[in-house]
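My entries follow in the order in which I looked.

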Amino acid sequence: MSSKKSIKFLLQGVASVCLVMAMGISYVAFGADTTLTTSVTAGELTVDIVDGAGATVPTPGVTMSGATYSNSGTSESTGTLGAADQKIFISNLTATDTWTLSIAATTTDVWTDGGSNTFDFNDGASGEDENGVTDADSVGGQLTVNPSAGTLTGVASTSVDNISKGSSTAFAEGVTDSITLLTAGEGAAAPGEWTFTGISLSQIIPPSQPIADYTLDLVITVS
């Protein structure tokens, strides 16, 4: 079972989850030997984007820094996934201690201005289209995600022991289509809840990229 949350990335100026602890309560008719039984059943493993008060952010997004147009070389845009008012919230209301949090997009996704201008998030570091015939598009560019820079915090004193942050990784189509943000190993708190903030992002933009505002949709998944 997995839970997903979509998040939109906005790069400017370039050249529902319901958390429920299910309780099953059963009664028998009162009599001489009255029996009352109560059981608590496991909840779900979910991911959400929440604000500082813990409420779901309806349309979460990351605003990347503007990049300067370059006719001859690549440029770079940076951002942070998991701001103070848009925290990644993982809720494991099950008795299973192992899970993985990851981020991905479909291999045909590209940064787009909504029209004909696009660039890639999963090509080579040079900013050029480097994957040849295996690539689904003809545009370059690459997004690097660095979860090791992030801060993992337990909610209501939930332990962060046995949960490891992923390493800095770049998307590469057909090679790295999904990037691990967190891995909960054996012995992690279960049930437990956590927030994750401060994940560094860096996008390489190809030379001669038309000046426009671009967006890219990615999905965060816990499973």
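Entry one, a sheet. I began with an open sheet of four strands in the order S6-S17-S11-S14, with antiparallel pairing; strands here are DSSP runs of E of at least two residues, numbered from the N terminus, and two of them pair if DSSP finds at least two bridges between them. Its edges are strand S6 (75–81) and S14, each of which pairs on one side only. Between S6 and strand S17 (residues 199–205) I found seven bridges, the two strands running antiparallel, and Thr80 has Ser200 as its bridge partner in S17.

A note on the source: this is a predicted model, in which local features need pLDDT of at least 70 and side-chain atom pairs count only at pLDDT 80 or more, while totals for chains, interfaces and linings use all residues. Residues are numbered from 1 along each chain as its sequence is written, and side-chain values use heavy atoms, with hydrogens and water left out.

Entry two, another sheet. I looked up a second open sheet, where four strands stand in the order S4-S7-S16-S12 and the pairing is antiparallel. Strand S4 (45–50) and strand S12 (151–154) are at the edges with a single partner strand each, so one side of each has no neighbour in the sheet. Neighbouring strands of this sheet are turned against each other by 20° on average, direction ignored, with axes taken as lines fitted to C-alpha atoms and angles running from 0 to 180 degrees between N-to-C directions. S12 is joined to strand S16 (residues 192–197) by four bridges, again antiparallel, and Thr151 has its bridge partner in S16 at Thr197.

Which residues have the most contacts inside the largest nonpolar core? They are Ile88, Ile90, Trp99 and Leu101, in a core of 39 residues; such a core is a set of buried Ala, Val, Leu, Ile, Met, Phe, Trp, Tyr and Cys residues joined through side-chain atoms within 4.5 Å, where buried means under 20% relative accessible area with a 1.4 Å probe, protein chains only. Strand S18 (residues 212–222) gives the largest share of this core, six residues. I then followed Leu101, which, leaving aside neighbours within four places in sequence, is in contact (heavy atoms within 4.5 Å) with residues including Val47, Ile88, Ile90, Phe196 and Ile220.

Entry four, the rings. My search of the whole structure gave four aromatic pairs, counted when ring centres of Phe, Tyr and Trp (its six-membered ring) lie within 6.5 Å, with planes under 30 degrees apart called stacked, over 60 edge-to-face and the rest tilted. Trp99 and Trp194 have ring centres 5.3 Å apart and planes at 50°, so this pair is tilted. Because Trp99 lies in strand S8 (residues 99–104) and Trp194 in strand S16, the pair ties together parts 95 residues apart in sequence. Both are buried, Trp99 at 3% relative accessibility and Trp194 at 0%. The rings of Phe121 and Phe171 have centres 5.1 Å apart and planes at 70°, so that pair is edge-to-face. Phe121 is buried at 2% relative accessible area, and Phe171 is buried at 0%. I also noted one aromatic cluster, formed by Trp111, Phe119 and Tyr214.

I recorded zero helices and 18 strands for the protein, and 41% of its 223 residues count as buried.

Notes: Buried < 20%, exposed > 50% of the residue type's maximum accessible area, 1.4 Å probe, protein only.
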